[in-house]
Amino acid sequence: MEEQEKKTLGERIEEKYGCSCSCCDDLIRNQGISDPDIARAAYEAGILYPRILYQDAPADVRDKLIDLLDKGEPDKNLINNYLVALAMIGDETVAEYFQKWEEAPRPWRESLYVGPYHYAEEGGWCIENGKKRQLFFDACYALEKSETAAPEENVYGGTAEEKCPFCESSYVNVLVLDGRDERLSFLGFHGKIKIKYCEGCLPWSGTVFCKYVEDGESTILRHDDGEEYFCDDEDLNDRTPFVLSKKMVPKSYCDEFERCAVGGRPAFVDDASFAVCPECGKKMMHLAQLGEEWTTCGTHYIQICRDCQIAAIQYQQT
Ligand SMILES: [Zn+2]
Ligand SMILES: [Zn+2]
C-alpha cells in the first residue's frame, strides 16, 4: 500500500513538471516554484540532495526529519544531509530544535565536525540571543553581463584612488549599488554605496572589511595579507559591465555558486561562512554573490552589517 502511495506522489510530480522530484531543483532555482509535494516526494524516495528540494518544505516533512534526529536512530552517514535539509526549511520549529540539540547534543553529534548552529548557516540563518535571525534577503536580482549598458547602470565601479599595500594595485569598487534604485529598496540604503577590495589579493587575504558611507567612498578597515600580484589599472577598468536584472529572480537563484546576484540566499563552495561584524560582533547579512560568471576564479561573497555600515568580502574556491 505504501509503495503504491509513494509511486503516486512521484508520478504526480512527474506529470506536473515533466521531471522526477530529484531534478526539480532547476525549477525551484530558476522559476521559484514552491510545491510542498516536491519535498514530500523526495523524502519518500529517500532523496536528500540537492538541498534546494527542501527549501520551505511543509511541516509534515519537517516533523519527520525532526523526529528521526530527536527520537530515532538516524543513519550516521545521512545526518549531514538531514541537518542541511532542516536548515533549508529553517522555520521557528527547526530553530527551536537546533537550539535544543546544540545545548543538549544527541548521540549523532559525535559523528559531526560542527554542531547544529553551523548547519543553520548552511540554510542562511543563525540563532542570536535565543532567536532565529535570517542572514539573507528574500528579494534577489541577478547580475548580468551587458555589452550595451549605460555607465550608470554598471554595478562594477572600476578602480578607486587608493592602492593596496600588499601588491600596489589599485583597490577596486567591486560593487556599486544605488539605494535610490527602486529594485534595491529592500536593502534600505538611501544613497549609493561602494564596496571596495583588492582583486589581486582577495584569494590570499582572508576576509576583507570595509566601512561604507552612502554617497561617498568606502574605507578599508582590515585587509590582512596579500600577494605580490600587480593588476594594471587598464585591465581593472576594462571590464564588460554588469547590471541588475530588470525583474526579480527567485531567492534561490544563487543556489549554483557560479551565479551572481544581489540579495537572495548564497551557495557556498565550502562550508557556509558568514563574517562577524568587527564593530558589533553580530553575524553579517548576505548582500551579494559574485561567482565565476563574473570573477576569473572563485566565488566572492559580500556581506554587510547595516547597523555599523561595514561590508565583508570573502572568497571561496572549488
Ligand atoms: Zn593587493
Ligand atoms: Zn555591526
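The questions below take up a metal site and a helix in this predicted model.

Q: Which atoms count as protein donors of the zinc ion (ligand 2), and how do you know?
A: They are the SG atoms of C277, C280, C305 and C308. Each lies 2.3 Å from the zinc ion.

Q: Why is the site of the zinc ion (ligand 2) called tetrahedral?
A: The angles among its four donor atoms run from 108 to 114°. Four donors are tetrahedral if all angles lie between 85 and 135 degrees, so the label holds. The ideal value for four tetrahedral donors is 109.5 degrees.

Q: What spacing do the donors of the zinc ion (ligand 2) follow along the chain?
A: The spacing is C-x2-C-x24-C-x2-C. C280, in the loop between β10 and β11, is linked with C305 in strand β12, 25 residues apart.

Q: Why is C280 called partly exposed?
A: Its relative accessible area is 34%.

Q: Is C305 buried or exposed?
A: C305 is buried, because its relative accessible area is 7% and the limit for buried is under 20%.

Q: How do you know that the span of helix α6 agrees with its number of residues?
A: At 1.5 Å a residue, its 12 residues should span 16 Å. The end C-alpha atoms are 17 Å apart, which agrees.

Q: What puts the buried residues of α6 on the same side?
A: V94, A95, F98 and W101 are buried. They cover an arc of only 130° around the axis, so they share a side of α6. The face turned away carries the exposed residues E92, E96 and E103.

Notes
Residues numbered from 1 in each chain as written. Chains lettered and ligands numbered in written order. Predicted model: local features only at pLDDT ≥ 70, side-chain atom pairs only at ≥ 80, totals over all residues. Heavy atoms only, no water. Donors = N, O, S within 2.8 Å, 3.2 Å for Na, K, Ca; no water. Tetrahedral: all angles 85-135°; square planar, octahedral: opposite > 155°, others 65-115°. Helix = DSSP H or I, 4+ residues; strand = E, 2+ residues; numbered from the N terminus. Buried < 20%, exposed > 50% of the residue type's maximum accessible area, 1.4 Å probe, protein only. Expected span 1.5 Å × (residues − 1). Arc of directions from axis to C-beta.
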